[in-house]
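Please look over the structure shown below. The report then covers its core and its pockets.

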Amino acid sequence: MKDETRLIHSGRDSAGHIGAVNVPVYRASTLLHPSVETLEGNTLAYGYGRRGTPTTRGLEASICALEEGERTALTPSGLSACTTALMAVLSAGDHLLMVDSVYGPTRSFCNTTLRRFGISTTYYSPTITPDGLHALMQPNTRAVFIESPGSGTFEVQDIPALAAVAHAGGASVLVDNTWATPLLCKPLTLGADLAINAATKYIVGHADALLGTVTANASHVARLMDFHGHFGLTVSGDEAYLGQRGLRTMAVRLARHQETALKLAAWFAARPEVERVLYPALPSDPGHSLWKRDFTGASGLFGVELKPCPKQAVAAMLDGYHLFGMGWSWGGFESLAVTTKLARTVEGGYRPKGPLLRFHAGLEDAGDLIADLEAGFDRLNKVA
Ligand SMILES: *Cc1c(COP(=O)(O)O)cnc(C)c1O
């Protein structure tokens, strides 16, 4: 079965739910047991609401099929998916290798909470070679965390090569795959042990719910489910339903996001105000060949580095957009534009000289979007 078909048919049980095409929303904490035997025996598929309902299990089954994994756990946000994956494999005294271009709040978690629990973090460059990573491995390195392309700077990492080094040293490999979704890249098939998604972005796809997923390969199911269960993580039927509903149309949405992003990226690249477009789908991008090897497509998020210009000129450009909203997050149907602030602590990886912006190509007409962007450069040039 192709992924496009899996997206439509996975995680459904119409016969069990009055013929409803999607599994409906279950809201339940207490589940009544028919006998002392099932009450005490933990033998029912559904014994207590926190441990899942048909709505959450349906979405888990869909994601798991798409990831080609063994088991998926839902978490209340993308950030909690990142932190759950880390907590599932790390213990006091362990060492973590974390990519320097990681999503900011994941970095904060390492520098504060993990540190408080006696877990140390070393950051590595998103352009590191396998030999370079090998040199950073310590006897107590238990996890290598990859995020590809990197947040803000879009470097593509060589997942199979880095995973081989990590595994040789006894470390688990965790990949935050939010940019690509499991439709366009499958980290578990490239050597990862835990694949992470901020489902808030393209899986929900409508900017109206927060959700995360972690999918384990066979060797990591027990560790993932132990932490997830002991920590009491749970997702409501309403949020899970929105994830499942979004997933059904994700293939067509992503195709359109990519088509429009490619148009906008080419248009930006030809502008005199632009230093560089950061988007692995462009043949000129340094990550293009790795992206071509490991991904089957690109999503709608890319970076634009402007030639150095005053802050007020950038503000005039962004403040006046009609179609590009300013807001954190992305992956919904609408176009967005934000300024990007980078936290980088090691050599390597991309360092912009001018202002760095991040654009999300939404599902609007590309010509309308380009007209909005063009008027933005007029405002920028008036101030600059
Ligand atoms: C947005 C994002 C997250 C966090 O997702 P939330 O649902 O906002 O918590 C994690 N990783 C990446 C790469 C993201 O872009």
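What follows describes a predicted model, starting with the core.

## Nonpolar core

The largest nonpolar core holds 110 residues. Leu86, Trp179, Phe268, Tyr279 and Phe359 touch the most other members. Helix 11 (residues 250-269) supplies the largest share of this core, with 8 residues. Domain 1 (3-95 + 165-248) and domain 2 (250-383) each give the core at least three residues.

Tyr279 deserves a look of its own. Beyond its neighbours within four places in sequence, Tyr279 contacts Trp179, Gln258, Ala261, Leu262, Ala265, Asp285, Ala298, Ser299, Leu301 and Phe302.

## Largest pocket

The lining divides into 16 nonpolar, 15 polar and 7 charged residues.

Helix 5 (104-116), helix 4 (78-89) and strand 10 (336-339) each contribute at least two lining residues. Helix 5 gives the most, with 4 residues. Where does the largest pocket lie relative to domain 1 and domain 2? Both domains give residues to its lining, so the pocket lies between them.

## Second largest pocket

The second largest pocket has a volume of about 510 Å³. Of its 30 lining residues, Tyr48, Gly49, Arg50, Arg51 and Gly52 are the closest to the centre. Helix 3 (54-67), strand 1 (71-75), helix 9 (221-230) and helix 10 (237-248) each give two or more residues to this lining.

By class, the lining of the second largest pocket has 13 polar, 10 nonpolar and 7 charged residues.

Note on methods: Residues are numbered from 1 along each chain as its sequence is written. This is a predicted model: local features need pLDDT of at least 70, side-chain atom pairs count only at pLDDT 80 or more; totals for chains, interfaces and linings use all residues. Side-chain values use heavy atoms; hydrogens and water are left out. A nonpolar core is a set of buried Ala, Val, Leu, Ile, Met, Phe, Trp, Tyr and Cys residues joined through side-chain atoms within 4.5 Å. Buried means under 20% relative accessible area, exposed over 50%, partly exposed in between (1.4 Å probe, protein chains only). Domain bounds come from an automatic or database domain assignment. Contact means heavy atoms within 4.5 Å. Ala, Val, Leu, Ile, Met, Phe, Trp, Tyr, Cys and Pro count as nonpolar, Asp, Glu, Lys and Arg as charged, and the others, Gly among them, as polar. On a 1 Å grid over the protein atoms alone, a cavity is a set of points where a 1.4 Å probe fits but cannot get out, and a pocket is an open set with protein on both sides within 12 Å along at least five of seven lines; lining residues have an atom within 4 Å of a point. Grid points are joined across faces, edges and corners, and a volume is the space filled by probe spheres set on the points.
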